[in-house]
Amino acid sequence: MSGEDAPAQQQNAEEQKQQQQQQQEETKTPAESPKTESKPDPPPTSASTEAAADTPAPAAEKAPEEDTFSYRALVLTGYGGYDKVKLQVKKGKPALKSGEVMVRVKMCGLNFADLMARQGLYDRLPSPPVTPGMECSGIIEAVAEDVTDRKVGDKVLVLNRSGMWQEVVVVATTHTFLMPEGMSFEEAAALPVNYITAYLMLFDFGHLRPNQSVLIHMAAGGVGIAATQLCKTVNDVTVFGTASASKHEVISQGGVTHPIDYRTRDYVEEIRKISPKGLDIVLDPLGGSDTHKGYNLLKPMGKLVSYGAANMLAGQKKNLFAVAKTWYQQFSVHTLSLIQGNRSVCGFHLGYLDSETELIAQAMAAVMDLYRQGKIKPRIDSTYHLEQVGDAMRRMQERSNIGKIILTTEPMKEEEKKEEAKKDEEKKKDDKKKDDKKKDDKKKDDTKKEEKKEEKKKEEPKKDDKKAEEKKEEAKKEEN
């Protein structure tokens with residue numbers, strides 16, 4: 001997937017004149033000349049589908065839209081900070097291959113994997129320049145000739161490996177799912193990644209049953225809320241959820257039985273007080289030491305499902321393969337412990353299931369059915385314009401959200417842009433003040449350290465003199 005498509009080359013006046021003459025001659029005969037294929041830079045489509053060049057009609061019949069078609073896309077231009085994701089305009093109408101549809105995107109979902117991808121920690125995203133995003137919702141605008149189960153005008157949600165953060169996407173029809181009646185575009189964009197992840201972990205890996213207990217880390221996040229709602233579809237399931245204290249009221253109302261403030265409490269001790277025998281299922285998006293803590297909390301026949309490494313964003317940066325290797329080595333040396341404890345450890349990664357279309361379709365069907373019954377409903381934390389993607393990512397990375405963060409493709413109004421520019425300017429000033437204050441504080445600290453060193457140097461001769469006096473006194477005492 002390319003970062004930014006270049007516009008098709010314009011024909012010069014002489015070439016246009018020759019084409020017009022050729023067209024006039026061809027209209028005299030019933031035979032139709034073959035179409036010529038132009039090959040502009042490939043427009044972005046799904047990660048599983050390579051972009052194809054448009055095949056335009058003869059020059060006189062060529063639709064103006066094919067020359068003027070453009071759409072906005074967020075492009076990861078390199079690895080690093082929030083400014084590495086830039087809004088660009090791409091030109092050229094994407095072509096459809098067999099079994100594909102074109103979707104006019106309304107809303108996109110933001111996921112933790114997108115934060116990791118920005119820092120080069122997510123191997124399922126192609127190298128920059130590339131458009132991120134695993135899910136979106138919108139309206140089908142075109143279908144390939146062989147597509148019979150979708151039609152223009154269908155409202156769909158889309159799940160794909162990457163490429164969803166743009167106004168137009170082309171994907172295989174198997175990656176689209178019809179939106180239930182009454183579902184909003186925001187809800188549709190919030191559902192695929194979080195709810196399929198939570199569903200497969202709880203019911204396929206976890207085999208959740210009545211009267212069991214579950215630990216959900218980051219319970220106020222997208223997957224956390226999805227998992228909590230799914231737990232409540234089973235009778236008498238006890239849910240432990242870690243989240244900062246300010247989010248406890250919301251997650252309690254959503255179904256968390258025992259909210260725990262991981263910032264001020266040791267969640268292991270808190271769980272042991274309430275459930276001395278341990279837990280049946282632990283959902284672990286953190287990695288590192290928290291994986292070991294979660295494993296030790298399991299009951300016999302308990303299951304830990306590791307599905308992320310959020311601690312990496314705050315600590316040492318490694319790619320997911322390195323994390324998986326370390327994780328495997330740590331647990332493989334405790335094989336006997338696994339057997340004796342009658343516990344299991346599972347690893348889940350939705351990005352590696354993109355080829356398992358039947359499995360995903362089954363999970364999605366179950367999730368959609370629960371939505372229709374009113375048993376689950378995505379919680380939207382906030383909605384940002386594509387122009388505000390940096391603010392959206394910052395909100396998630398700082399764990400300020402309660403529920404799903406959504407990106408809307410609706411362009412910002414001029415008033416909003418001015419307001420946003422004003423905020424950015426104020427933020428830059430504040431950041432500069434903070435930086436200047438840090439520098440001043442550092443200078444003061446360095447000055448104090450130097451002063452202490454000087455005082456220490458001055459005190460050393462005094463100490464030596466004092467020691468010499470003490471020795472003289474000792475010598476006199478010995479003589480007496």
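This is a predicted model: local features need pLDDT of at least 70, side-chain atom pairs count only at pLDDT 80 or more; totals for chains, interfaces and linings use all residues.
Biologist: How many disulfides does a search of the whole structure find?

Modeller: A disulfide is a covalent bond between the sulfur atoms of two cysteines. Here the cut-off is a pair of cysteine sulfur atoms within 2.5 Å. The search of the whole structure finds 0. Take cysteine 136: the nearest cysteine sulfur, that of cysteine 108, is 5.8 Å away.

Biologist: Is cysteine 136 buried or exposed?

Modeller: Buried means under 20% relative accessible area, exposed over 50%, and partly exposed in between (1.4 Å probe, protein chains only). Cysteine 136 has 0%, so it is buried. Cysteine 231 is buried at 0% too.

Biologist: And how many aromatic pairs does the structure hold?

Modeller: You describe a pair of aromatic rings by the distance of the centres and the angle of the planes. Rings of Phe, Tyr and Trp (its six-membered ring) pair if their centres lie within 6.5 Å; planes under 30 degrees apart count as stacked, over 60 as edge-to-face and the rest as tilted. The structure holds 3 such pairs. One of them joins tyrosine 199 and phenylalanine 203: centres 4.9 Å apart, planes at 50°, so tilted. Tyrosine 199 is buried at 18%, while phenylalanine 203 is partly exposed at 22%.

Biologist: Which parts does the pair of phenylalanine 205 and phenylalanine 348 tie together?

Modeller: First the geometry: the centres are 6.4 Å apart and the planes at 90°, so the pair is edge-to-face. Phenylalanine 205 lies in helix H5 and phenylalanine 348 in the loop between strand E13 (344–347) and H13, so the pair ties together parts that are 143 residues apart in sequence. (Helices, H or I with at least four residues, and strands, E with at least two, are DSSP runs numbered from the N terminus.)

Biologist: Where does a charge sit over a ring?

Modeller: The test is NZ of Lys or CZ of Arg within 6 Å of the ring centre and within 35 degrees of the ring normal. The charged end of arginine 124 sits over the ring of tyrosine 352, 4.1 Å from its centre. Arginine 343 lies over the face of tyrosine 295, at 5.0 Å.

Notes
Residues are numbered from 1 along each chain as its sequence is written. Side-chain values use heavy atoms; hydrogens and water are left out.
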